[in-house]
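Biologist: I'd like to learn how to read helix packing. Can you walk me through it?

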Amino acid sequence: MNTVLFAPEVEEDLFELTKILVDKQYLGTPDYAVSYVRSLILYIREHIDSLPHKDAPSYFDKYGHDAKYIIYKRNSNTTWYIIFVERANAYLVTHITNNHISGQYFNQ
């Protein structure tokens, strides 16, 4: 299994995501929001090396030269796009977004 690292900005975004999920009442409790984000992280760690990698749209070039992405379809409403670069048997996750924010940039 390859090493999976998260850029500091991604770590901050994931922390903020737990607050957003509760504040906007997408998820009912802080514990459930933390569980949701943990499941996203676990999915990335467990699947980034086995899922097909697609070239990230040019809109995301600022997140790494030759960036790729994988998809995590969390439910019928939300698809997550995990953008990363691969270097020397390690994956660096440089950005995470979803269909509500950036779906228009991805070919489904």
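Modeller: Axes are lines fitted to C-alpha atoms, for helices over the stretch in contact, and angles run from 0 to 180 degrees between N-to-C directions. Helices are DSSP runs (H or I, at least four residues), numbered from the N terminus. This is a predicted model, where local features need pLDDT of at least 70, side-chain atom pairs count only at pLDDT 80 or more, and totals for chains, interfaces and linings use all residues. Residues are numbered from 1 along each chain as its sequence is written, and side-chain values use heavy atoms, with hydrogens and water left out.

Biologist: At what angle do α1 and α2 pack?

Modeller: About 140 degrees, with the axes of α1 (residues 8-23) and α2 (residues 30-47) 9 Å apart. That makes α1 oblique to α2 (under 35 degrees is roughly parallel, over 145 roughly antiparallel, 65 to 115 roughly perpendicular, the rest oblique).

Biologist: Which residues of α1 and α2 meet?

Modeller: Contact means heavy atoms within 4.5 Å. From α1, L14, L17, T18, L21 and V22 meet P30, A33, V34, Y36, V37, L40 and I41 of α2. Those contact residues divide into eleven nonpolar, one polar and no charged (Ala, Val, Leu, Ile, Met, Phe, Trp, Tyr, Cys and Pro are nonpolar; Asp, Glu, Lys and Arg charged; the others, Gly among them, polar).

Biologist: Is T18 buried or exposed?

Modeller: Buried means under 20% relative accessible area, exposed over 50%, partly exposed in between (1.4 Å probe, protein chains only). T18 has 14%, so T18 is buried. Leaving out residues up to four places away in sequence, T18 touches A33, V34 and V37.

Biologist: And Q104, buried or exposed?

Modeller: Exposed, at 56% relative accessibility.

Conventions
Helix = DSSP H or I, 4+ residues; strand = E, 2+ residues; numbered from the N terminus.
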